[in-house]
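Please read these points with the sequence and the structure open beside you. They go through two parts of the model in turn.

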Amino acid sequence: MEIDFGAAERVIGIDLGTTNSLAAFMDLTGPKIIPGADGDNLVPSVVSINPNGDVVVGNAARELLITQPERSVYSAKRLMGRGVDDVQEELKLFPFHIAPASEAVLQLQLGDRTYTPPEISAFILRQLKQNAEAYFGEPVSKAVITVPAYFNDAQRQATKDAGRIAGLEVLRLVNEPTAASLAYGLDKRENGIVAVYDLGGGTFDISILKLHDGIFEVLATNGDTHLGGDDIDNLLLRIAMEDVASEWGVDLSIDSEGVQRLRRAAIQAKEQLSFVPFTSIELEYRGKKYQRQINRELFDKLITPIVNRTLGPCRACIQDAGVAVDQIDEVVMVGGSTRIPLVLAAVEALFRAKPHTDLNPDEVVALGAAVQAGILSGEVQDKLLLDVTPLSLGIEIMGGVVSKLIHRNSTIPASATETFTTGVDGQRNVLIHVVQGERELVKDNRSLARFDLKDIDPLPAGLARIEVRFLIDANGILNVTARDVRTGKEQSVDVKPSYGLTDQQVEQMIQESFEKAEQDFKERQVREARVEADTILAAVEKARRHDAYFELMDAERAAIDKSVNELLLVYHADDHILIKDKIEQVNQVTLKLAENMMKGTKI
Amino acid sequence: MTDYFELFGIPRGLNLSLDLLQQRYYELSRELHPDRFMRKPESERQRALDLSSTLNDAYRTLKDPVKRAQYLLGQEGFEVAEQRSKDVPPELLEEVFELNMALEEMRAGDHSARPQLETAEKNFTTMLSDVDQQMESLFAQYDQSQSRDVLAQIRGTLNRRKYILNLVDEVHKSLAPSP
């Protein structure tokens, strides 16, 4: 049964995490998590491709990470929107297999196929979409997806692309700490100044917000998009590997399965140390046993450098927000890594306040995304998020220097207008190089894209006047439009993203995923038709032993035999329409038999 | 071009109530933010995007006294060139000369200049807060008189302020432990 109050189509909120992903929605009482098919709220962000091409996501893929590591990938979020040169450090620590043919967008090798990071993320998103569809019993096509606040333009664009490839219309990208503040504000506090400290699997964000009667105004944000629980795992793993090398005389690093088993043991130990003072990393593998005691004191000493790396961004954020530490009413802790006692202690020392840990740090971002989804669909009327852009936006000027157009921590949407002209008589093109970052020189910042102003009217040098508008939208993504000031005509702009997929590539991936989805759909229909055929064949088989069957005329019995044979003939064809046709035929010729049987049972 | 004061519906002036500004900003944001137009036709969504980016720009400008003054000066036809801060205010000539020498020594690795720089940092910081006070009183004068002479003085003060701010930054940087 369907009740429609004229409400808009359902919009779900998705936390696409480095380690785990989850989806939530808004019901009448508030945001709720959508459980996965296996009953778990969290879907591990692991993707594995079976040799037959089947895609496995989540808990099942986490198992396959051990048995078929070369066909599996985790923490792919670290690669979103990044080039091959960017990830060299990452490659030393993570078993990413970069395909040799990678260009601007790197390609991951999984078995015999290659995938871009957005495609890997799309597998996870598609799983979450399916979970939601199974939960609601209706199609879901719209979503709000969260991203680390400190994600740059390319990383955001890659996330949006992933949504599109997964068949989701991404209505909005929301910053993770901001989303968390929405869930927190809904629950705890209407007014005040709040800091959100978000240490996840692979990213760190700090945001400071002013909450005022339903307005959530971000004052400043800072972070590190490559800092998180993963780094702690790698520390423990390295120590354990060294142990194994000296105890067993085995270099585990060339044995992917061994590494994954040991990594899992290290993670387990890490998680336990948040609750108990000591534990051990244990591995039984290929008939050998490894065990190392580790207590919290040693653990704290190991991870101190990582925890300290979060404090610099915190101080910068406080300064940029223009608040004093004692004006901050509360620090909300988000992300699984904030369960670590040393992290809590460091935050408490810096902010001189007890951190707020009442909310489930794994779920609060998804819940907040659902609230934002409610705001966009009109279900939530009284809340409004005013977020900022984390990085300054500038253009390259003479001498490789950056001229800043939009400063970091500007509330978005934010825009700036610049007028460009030509330097040579008759010049038809002007190239604008846009970068993101805080440094003075272009080479120290992140190249975002090159915009080519084309088909400029040929004029003497310096006469053409092209007004270019740089607009960062509410997703934190740059849009560029240009206008010829003399003619008032819209000026065409060609975008060459420095990192990231072109629109064409995304379209192609969407096409492929549709074809795949269509194929999946077709296979399901064939399977369903066969199940239906099984049912009717079994019924006919049973009826053949019934008195009513022998009361039929020979011709009638012959017709039944013929139709059953025909159904058996098409049974293995991959054509559900044909199977259904034959089922219908069997139905028709057995109508009288069925009626007679019914009469017979009544007597 | 939208007039920022008109957009907020507040009187044109250099001293303004930040509370009122924030209240209006929140009201207008609730009205104009793209979130409110998600289910509207594309043309309305585009308009919301334009208006809210203007609103955010206006708030950023009016919230900050220096940016606010620069904006008003620009509207009144004064040139507000950032580059002007390179000209040393004459009354600071001697002090800046000595400071530059100390900064040179420091950069060359001679740390004996440190105490001198620390004193300079203190002096310039005091100077900065003096300038801020001057500005505030000039703001009040302008709001009362609407006099262009006062605006010219404000422009001079802004340049001076910018110059001192740069000095403070530089001294601060040279005193900070190198990373």
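Into which domains is chain A divided?

1. Chain A consists of domain 1 (11-227 + 309-386), domain 2 (229-305), domain 3 (393-500) and domain 4 (505-602); the bounds come from an automatic or database domain assignment. This is a predicted model, in which local features need pLDDT of at least 70 and side-chain atom pairs count only at pLDDT 80 or more, while totals for chains, interfaces and linings use all residues. Residues are numbered from 1 along each chain as its sequence is written, and chains are lettered from A in the order in which they are written.

2. Taken over C-alpha atoms, the centres of domain 1 and domain 3 of chain A are separated by 30 Å. Between these domains, 17 residues of domain 1 of chain A are in contact with 13 residues of domain 3 of chain A (contact: C-beta atoms, placed from the backbone, lie within 7 Å).

3. On the domain 1 side of chain A that touches domain 3 of chain A, α4 (153-165), β11 (169-175) and β14 (215-224) each supply at least two residues. Helices (H or I, at least four residues) and strands (E, at least two) are DSSP runs, numbered from the N terminus. The largest share of that side, 5 residues, comes from α4(A).

4. In chain B, helix α4 (residues 65-75) has the buried residues B:Arg68, B:Ala69 and B:Leu72 (buried: 20 or more other C-beta atoms within 10 Å of its own, with C-beta atoms placed from the backbone). They line one face of the helix, because seen down the axis of α4(B) they fall within an arc of 95°, taken from the directions from the helix axis to the C-beta atoms.

5. The buried residues of α4(B) pack against α3 (42-63) and α7 (148-175) of chain B. After α4(B) comes B:Gly77, with a positive phi near 85°.

Definitions and conventions. Buried ≥ 20, exposed ≤ 12 C-beta atoms within 10 Å, placed from the backbone. Contact = placed C-beta atoms within 7 Å.
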